[in-house]
Amino acid sequence: MSAPITVHPPSPSGGRRVTAQGQILGLAHSDRDVTEFLRRAGIEDAELVLDDRAWVEWRGGRAHRYEAA
């Protein structure tokens, strides 16, 4: 089973698309953006799940890095 949240690879212009079970939550330019998207999606204590592989899968590039690919 894969994590319900996916942080996709950095885009050429910077930022990373964030999806929850296939639905786009937004384009994040920082961890703060990701936690806000997750909070809006109903995940309490969103900052605590960023490094939990059961919750978040970071694809392509290093976790917590948002600069252009």
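Here are a few notes on the charged and aromatic side-chain contacts in this model.

1. First, the ground rules: this is a predicted model, where local features need pLDDT of at least 70, side-chain atom pairs count only at pLDDT 80 or more, and totals for chains, interfaces and linings use all residues. Residues are numbered from 1 along each chain as its sequence is written, and side-chain values use heavy atoms, with hydrogens and water left out.

2. On the salt bridges (a side-chain nitrogen of Lys or Arg within 4 Å of a carboxyl oxygen of Asp or Glu), the count comes to 4. Glu36 pairs with Arg39, with the closest N and O atoms 2.5 Å apart. Both sit in helix H1 (residues 31–40), 3 residues apart, about one turn of the helix; helices here are DSSP runs of H or I, at least four residues, numbered from the N terminus.

3. Arg40 joins in too: Glu36, Arg39 and Arg40 are linked in a network of salt bridges. Glu36 has a relative accessible area of 26%, so it counts as partly exposed (between buried, under 20%, and exposed, over 50%, with a 1.4 Å probe and protein chains only).

4. Glu57 and Arg59 also meet in a salt bridge, at 3.0 Å from N to O. Glu57 is partly exposed at 27%, and so is Arg59 at 36%.

5. Glu67 bridges to Arg65 at 3.1 Å, N to O. Glu67 is partly exposed at 43%, as is Arg65 at 36%.

6. For aromatics, there is 1 pair (ring centres within 6.5 Å, using the six-membered ring of Trp; planes under 30 degrees apart are stacked, over 60 edge-to-face, the rest tilted). Trp58 and Tyr66 make it, edge-to-face, at 6.2 Å centre to centre and 70° between the planes. Both Trp58 and Tyr66 are buried.

Terms used
Helices (H or I, at least four residues) and strands (E, at least two) are DSSP runs, numbered from the N terminus.
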